[in-house]
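Work through the exercises below with the coordinates open. Try each task before reading its solution.

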Amino acid sequence: MTSFKSTADLYSRYRVPYPKSLLTRLRADANLRRASVVLDLATGPGRIALALAPTVHEVIAVDAEPEMLEEGKRIARQRGITNVKWMHARAEELSILPGSMDLVTIGEALHRLDEELILPAIRQWLRIRGCVAIVGCFGVLHGEQPWQSALRQALSGWSGELPKTRPRGKDHDTRRLIDAGFDGVANREFIASCDWTRDSILGHLHSTSRFSLPALGDELEDFESAVLEALGPDETRLFPQQISCGYSIGWNGGKVSG
């Protein structure tokens, strides 16, 4: 599997933040309180972990990439957040006390985990009526605006036919949660607005494993030239996008909130 090594700074700078409305609804769905404990798997630089930490007792943020964890720690220090416990580990190899978690989150990474192992494990780790949320946003390539079509065409030279959707997505995620025995499985959908620039589009693309700096290697200059040519010569142009975000959620032993 392609690594996110050397993309940590770009990931935290150029991935679109989860909408406040999504985070507010997630806190309500999970019935989070000051005493709650959250486990964030494949945390990356802690986008979910750091967003939830101020309103709970503790977040355990787990990732297999040390650089991602170091970036998360840097942002936590910058924000004065001290109740995130950073763990360098593969999610599938964790040893978590059964019945100890109120919420388990996975942000845009279920496809990178062994679902057959991790979903049953999550059920064991959750308290009764605790829940799991698989969270995600579409990327810059999702949409039918002319600039997005031109961008996908330019990028096809590096990776063939590009998908316009997230890996797998909500239909897959809800089915997997149901099959794993979670109750009350549902989807929540939200919109995040973003005005991209040429630089932020490049940064976002480089934050992905497919187009990371190490993955492109000697082709980096040609890649960036192709992207900028597809976006046009106007360096001040903005590229607006309404980005679909959401999460699939399921409860361990019964739903407690509407």
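Just after helix 2, asparagine 31 adopts a positive phi of about 55°. Helices (H or I, at least four residues) and strands (E, at least two) are DSSP runs, numbered from the N terminus. The model is predicted: local features need pLDDT of at least 70, side-chain atom pairs count only at pLDDT 80 or more, and totals for chains, interfaces and linings use all residues. Residues are numbered from 1 along each chain as its sequence is written, and side-chain values use heavy atoms, with hydrogens and water left out.

## Exercise 1: positive phi

Solution. 
- Step 1. The cut-offs: buried is under 20% relative accessible area, exposed is over 50%, partly exposed is in between (1.4 Å probe, protein chains only).
- Step 2. Glutamate 108 is not a glycine, yet has a positive phi of about 55°.

## Exercise 2: the buried side of helix 2

Task: list the buried residues of helix 2 and find what covers them.

Solution. 
- Step 1. In helix 2 (residues 20-29), the buried residues are Leu22, Leu23, Leu26 and Asp29.
- Step 2. These residues span an arc of only 125° around the axis, so they lie on the same side of helix 2. The arc is taken over the directions from the helix axis to the C-beta atoms.
- Step 3. Recall the geometry: an α-helix has 3.6 residues a turn, so residues three or four places apart point the same way.
- Step 4. The cover includes helix 3, strand 4 (101-107), strand 5 (126-137), strand 6 (183-196) and strand 7 (239-251).

## Exercise 3: a buried alanine

Task: describe the surroundings of alanine 53.

Solution. 
- Step 1. Alanine 53 is in the loop between helix 3 (47-52) and strand 2 (58-63).
- Step 2. Its relative accessibility is 1%, so alanine 53 counts as buried.
- Step 3. Leave aside neighbours within four places in sequence. Alanine 53 then contacts (heavy atoms within 4.5 Å) Val59, Ile81, Asn83 and Val84.
- Step 4. Alanine 76 is 23 residues away along the chain, and the two C-alpha atoms are 9.7 Å apart.

## Exercise 4: an aromatic pair

Task: classify the pair formed by phenylalanine 190 and tyrosine 247.

Solution. 
- Step 1. The structure holds 3 aromatic pairs. Rings of Phe, Tyr and Trp (its six-membered ring) pair if their centres lie within 6.5 Å; planes under 30 degrees apart are stacked, over 60 edge-to-face, and the rest tilted.
- Step 2. For phenylalanine 190 and tyrosine 247, the ring centres are 6.1 Å apart and the planes are at 25°, so the pair is stacked.
- Step 3. Phenylalanine 190 is in strand 6 and tyrosine 247 in strand 7, so the pair ties together parts 57 residues apart in sequence.
- Step 4. Phenylalanine 190 and tyrosine 247 are both buried.
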